[in-house]
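Please look over the sequence and the model shown here before reading on.

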Amino acid sequence: MVATVKIAVLGAQGVGKSAIVRQFLYNEFSEVCVPTTARRVYLPAVVMNGHVHDLQIMDFPPITAFPVNTLQEWADVCCRGLRSVHAYILVYDICCFDSFEYIKTIRQQILETRVIGTSETPIIIVGNKRDLQRGRVIPRWNVSNLVKKTWKCGYIECSAKYNWHILLLFSELLKSVGCARCKHVHTTIRFQGALRRNRCTIM
């Protein structure tokens with residue numbers, strides 16, 4: 001596994017991607033939606049099952065298009081570091097069809113423009129706002145089937161508001177980037193309950 005796992009979090013405005021990151025790092029949620037206008041970088045160290053994993057989580061504002069090359073990536077301050085991450089988290093709002101179309105487009109652009117290591121770079125699709133299930137616009141089975149079978153990506157639904165499946169998301173992400181120690185059959189269970197049992201600490 002790489003020394004520091006670099007993670008890019010992308011999504012349309014208002015899907016709750018920043019809320020997911022803050023819930024993971026600080027165990028907090030705000031009802032006030034503050035638009036992300038600049039790239040935010042977080043450098044937590046996660047102690048999971050007795051092993052330390054350094055993360056670099058980059059929360060990006062909505063981008064019009066994935067940078068096609070390194071020159072374009074570094075010319076736009078909001079996109080810096082986007083092409084060199086080890087994993088992508090693409091977040092959509094299960095109650096907003098347009099937000100799903102947005103991550104669908106971004107995913108395709110990642111595959112088309114990031115040539116080096118694309119096939120080995122995990123992409124996890126995240127359906128946020130699971131607590132608003134009644135407002136869902138696309139059946140869960142349809143999305144899950146498309147993402148897992150056609151796109152060959154990981155798929156998780158979560159609720160940033162109620163901290164549901166947030167830790168599971170990052171547990172699955174660590175597995176996807178090749179953390180051998182994270183592939184134990186009980187790892188997910190331990191990771192989700194780890195904050196309460198002091199087995200997982202954000203430093």
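On the H1 side the contact (heavy atoms within 4.5 Å) is made by Ile20, Gln23 and Phe24, and on the H5 side by Ile166, Leu167, Leu169 and Phe170. Sorted by class, this contact has 6 nonpolar residues, 1 polar residue and no charged residues, where Ala, Val, Leu, Ile, Met, Phe, Trp, Tyr, Cys and Pro count as nonpolar, Asp, Glu, Lys and Arg as charged, and the others, Gly among them, as polar.

The model is predicted, and local features need pLDDT of at least 70, side-chain atom pairs count only at pLDDT 80 or more, and totals for chains, interfaces and linings use all residues. Residues are numbered from 1 along each chain as its sequence is written, and side-chain values use heavy atoms, with hydrogens and water left out.

H5, residues 166-176, is mostly covered, with 8 of its 11 residues buried; buried means under 20% relative accessible area, exposed means over 50%, and partly exposed lies in between, with a 1.4 Å probe and protein chains only. Among the buried residues of H5 are Ile166, Leu167, Leu169 and Phe170, which also take part in the contact with H1. After H5 comes Gly178, whose phi is positive, near 95°.

**The chain as a whole**

The protein chain holds 6 helices and 8 strands, which are DSSP runs numbered from the N terminus (helices: H or I, at least four residues; strands: E, at least two). From the N terminus on, these elements run β-α-β-β-β-α-β-α-β-α-β-α-α-β. Of the 203 residues in the chain, 48% count as buried, and among the contacts with a separation of 6 or more, 66% come from residues 24 or more positions apart.

**Helix H3 and its cover**

Helix H3 (residues 97-113) has 17 residues and reaches 25 Å from its first C-alpha to its last, close to the 24 Å expected at 1.5 Å a residue, the expected span being 1.5 Å times one less than the number of residues. Its buried residues include Phe100, Tyr102, Ile103, Ile106 and Arg107, and what covers the buried residues of H3 includes strands E1 (4-11), E5 (87-93) and E6 (123-128) together with helix H4 (140-150). Within H4 lies Lys148, which counts as partly exposed because its relative accessibility is 46%, and which touches Cys153 and Tyr155, not counting residues up to four places away in sequence.

**Residues in the loops**

Phe66 is found in the loop between strand E4 (51-59) and helix H2 (70-75), and with 2% relative accessibility Phe66 counts as buried. Most residues other than glycine have a negative phi.
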